[in-house]
Amino acid sequence: MELFFQQLLNGLTIGGVYSLVALGLTLVYGILHVPNFAHGAFYMAGAYVAFYLMGSLGLNYWLAMAGSAVAVAVLSMLAERLVFNPLRNAPPLHDMIAAIGILLFLEAGAQALWGADFHRMSSPYGQLVEVFGLTVALQRLLILAGAVWLVVLLHLFLTRTTTGATIVAMAQNRDGAALVGIDATRVTLMVFAISGALAAVAAVLYAPINLVYPAMGHLVITKAFVIIILGGMGSFPGAIVGGLIIGLAEAFGGFYFSTDYKDLIAFVLLVLILSVRPQGLFSKGAH
Amino acid sequence: MTLLQGKAGWSLLIALALVFPYVVPNNYFLSVMTLSYIFAIAALGLNLITGYTGQFNLAHGGFMAIGAYAVGLLTTDYQWGFWWAFAAAGAVCGVLGWLTGMLSLRMTGHVFSIFTLCVGYIIYLLIEKWEAVTHGAVGVMGIPAPAHPFGGEVDTPIGQYYLMLGFLVLGAVVMQRIVRSILGRSFMAVRNGEALAEALGIPLMRTKRLAFVLSVIYAGLAGGLYAGHVRFLGPELAATHHTFELVMFMLVGGIGTLFGPILGSVLVPWLTQSLQFLQDYRMVVFGPLLIVLLIFLPHGIVGTWLHRKARREAAKRAQAAPSIPTVSAPHTGARHA
């Protein structure tokens with residue numbers, strides 16, 4: 001039974017990370033209708049920036065996390081201004097390929113600056129603690145708490161503040177939002193900043209129990225795409241629930257089934273679900 | 001300028017390709033070119049589903065890997081002859097493509113792309129983890145070179161070069177036949193408007209599935225040739241960045257044109273080879289270059305040229321006979337904006 005709860009916790013922590021990444025992806029999709037393939041590279045960039053801030057400048061973990069969130073938010077806004085905005089009227093294919101261009105650039109950039117090696121990020125929360133008779137790594141609890149806190153914060157921001165309401169309005173109807181005086185450029189930039197910051201924080205939370213390397217974003221972003229397809233593209237609760245489902249499926253599948261094929265579970269789940277319901281699990285209709 | 005068009009242009013290109021081995025100083029250039037031809041065949045296939053039919057398939061590199069592994073495993077573990085294995089590679093990709101197409105083509109637009117990206121990942125992970133069949137991370141070694149019809153193997157650099165060139169010409173001719181036929185027109189009709197195409201009586205799913213199967217057969221055969229040329233395979237071949245490279249080739253040359261993917265597949269590797277001094281920084285230059293190209297030259301090199309030609313001709317016609325309404329651009333350039 002203890003093993004079961006261990007896996008439950010593992011699933012929830014990985015699911016939390018996936019949810020954060022998927023939330024950023026789904027926010028951008030909701031506003032721009034662009035599947036941002038570069039999002040995984042932002043995630044990777046977040047981990048590297050924090051790694052640099054901690055390693056070379058000697059900042060502590062939390063400051064490094066904040067610094068990396070700001071840096072990636074700026075990077076994300078730059079991507080919007082320099083790449084996605086000029087392609088506003090291009091066919092959707094071009095947006096996707098441009099995002100791939102950003103991805104290639106950031107990955108090669110990270111590799112040129114820090115090499116292709118795997119790096120270990122230290123965390124001040126490496127110790128094990130005992131909760132309800134379970135021995136767990138403190139970092140995992142931190143991930144879980146961080147993810148829950150961020151999701152609640154984002155939810156409150158989107159539903160309780162006027163600025164948040166402008167984002168929701170833009171996602172619902174771009175032209176309508178512009179008609180009532182919402183500044184589309186400002187909202188788009190804000191969404192990109194939030195999305196980048198979420199990816200960075202997720203990466204910094206997860207990196208200490210994983211590793212830092214140029215291709216670290218690949219699997220996470222692909223799984224985040226699986227999550228937002230399952231949850232409905234642009235859906236906020238869909239991203240959270242989808243993230244937890246995939247996280248739990250991986251933890252339990254990896255434990256009871258096979259660790260080797262753990263990463264396949266998300267994709268097989270996607271194929272199975274979409275062959276029965278091509279429109280996704282939670283989406284109500286066409287989009 | 002007329003020299004560069006139609007039959008004359010193609011003959012000139014083939015002539016250039018034929019004398020190429022005799023003007024380059026060493027085998028290194030020959031090998032870069034041979035590899036370019038192999039990727040050009042795969043890019044031709046990707047262009048059929050993405051450029052002509054409008055479905056952005058991100059599993060294309062995965063299918064190329066399946067073709068390569070089919071040849072690699074059948075020739076080494078099961079001692080098949082190269083060409084039997086090569087035919088099997090096409091068949092395997094065709095069958096798997098039919099199954100994948102049946103599932104994935106029910107989705108449209110972004111969802112289709114993301115779904116196929118995931119299919120590509122499944123292929124990669126299966127090749128890497130299914131050690132009993134694929135040898136996992138160790139890879140497949142000792143793949144024989146393509147058998148020569150009069151005995152022996154085609155294993156000299158120059159023999160390989162002409163073999164791949166032959167296949168590329170064949171691939172391009174077949175592709176031209178496809179896109180100029182009524183079938184090709186129905187692919188383009190689907191690209192330009194699925195609802196409209198269906199209203200015209202084109203069976204939507206069947207047409208898209210056929211385009212998908214044909215395109216992955218190209219990928220599979222290109223993969224088979226790759227196995228016969230490089231003669232070593234690792235799971236890395238199925239990694240997504242190979243798909244991205246094919247997309248780049250197609251886009252740089254000109255998406256939805258016959259010559260575009262071939263031009264891109266030859267041009268881009270030469271560019272990256274000449275950027276060799278940048279080593280790891282290559283993609284740092286190439287990523288932004290790709291974006292600049294997308295913003296300022298969205299139709300690629302061939303596409304832009306065809307557009308300009310069509311516009312010039314339309315202007316000339318309008319001048320000569322103002323009463324006759326101008327005919328639309330030639331179909332190769334008529335990609336919807």
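This is a predicted model: local features need pLDDT of at least 70, side-chain atom pairs count only at pLDDT 80 or more; totals for chains, interfaces and linings use all residues.
Good morning, colleagues. I begin with the cysteines. A disulfide is a covalent bond between the sulfur atoms of two cysteines. How many disulfides does the structure hold over all chains? The count is zero. Cys93(B) takes part in no disulfide, and the nearest cysteine sulfur, which belongs to Cys118(B), is 19 Å away. Likewise, Cys118(B) is in no disulfide, with the sulfur of Cys93(B) as its nearest cysteine sulfur, 19 Å away. A disulfide would require the two sulfur atoms to be within 2.5 Å.

Are these cysteines buried or exposed? Cys93(B) has a relative accessible area of 0% and is therefore buried. For Cys118(B) the relative accessible area is 0%, so this residue is buried.

I turn now to the helix pair. Helix α11 of chain B spans residues 240-253, and helix α13 of chain B spans residues 282-296. Their axes come within 11 Å and cross at roughly 45°. The crossing of the two helices is left-handed.

Which residues meet where α11(B) and α13(B) are in contact? From α11(B) come Met248(B), Leu251(B) and Val252(B). In α13(B), they meet Met283(B), Phe286(B), Leu290(B), Leu293(B) and Leu294(B). By class, the residues of this contact are eight nonpolar, no polar and no charged.

Thank you for your attention.

Conventions:
Residues are numbered from 1 along each chain as its sequence is written. Chains are lettered from A and ligands numbered from 1 in the order in which they are written. Side-chain values use heavy atoms; hydrogens and water are left out. Buried means under 20% relative accessible area, exposed over 50%, partly exposed in between (1.4 Å probe, protein chains only). Axes are lines fitted to C-alpha atoms, for helices over the stretch in contact, and angles run from 0 to 180 degrees between N-to-C directions. Helices (H or I, at least four residues) and strands (E, at least two) are DSSP runs, numbered from the N terminus. A crossing is left-handed if the near helix is turned anticlockwise from the far one by less than a right angle, and right-handed if clockwise. Contact means heavy atoms within 4.5 Å. Ala, Val, Leu, Ile, Met, Phe, Trp, Tyr, Cys and Pro count as nonpolar, Asp, Glu, Lys and Arg as charged, and the others, Gly among them, as polar.
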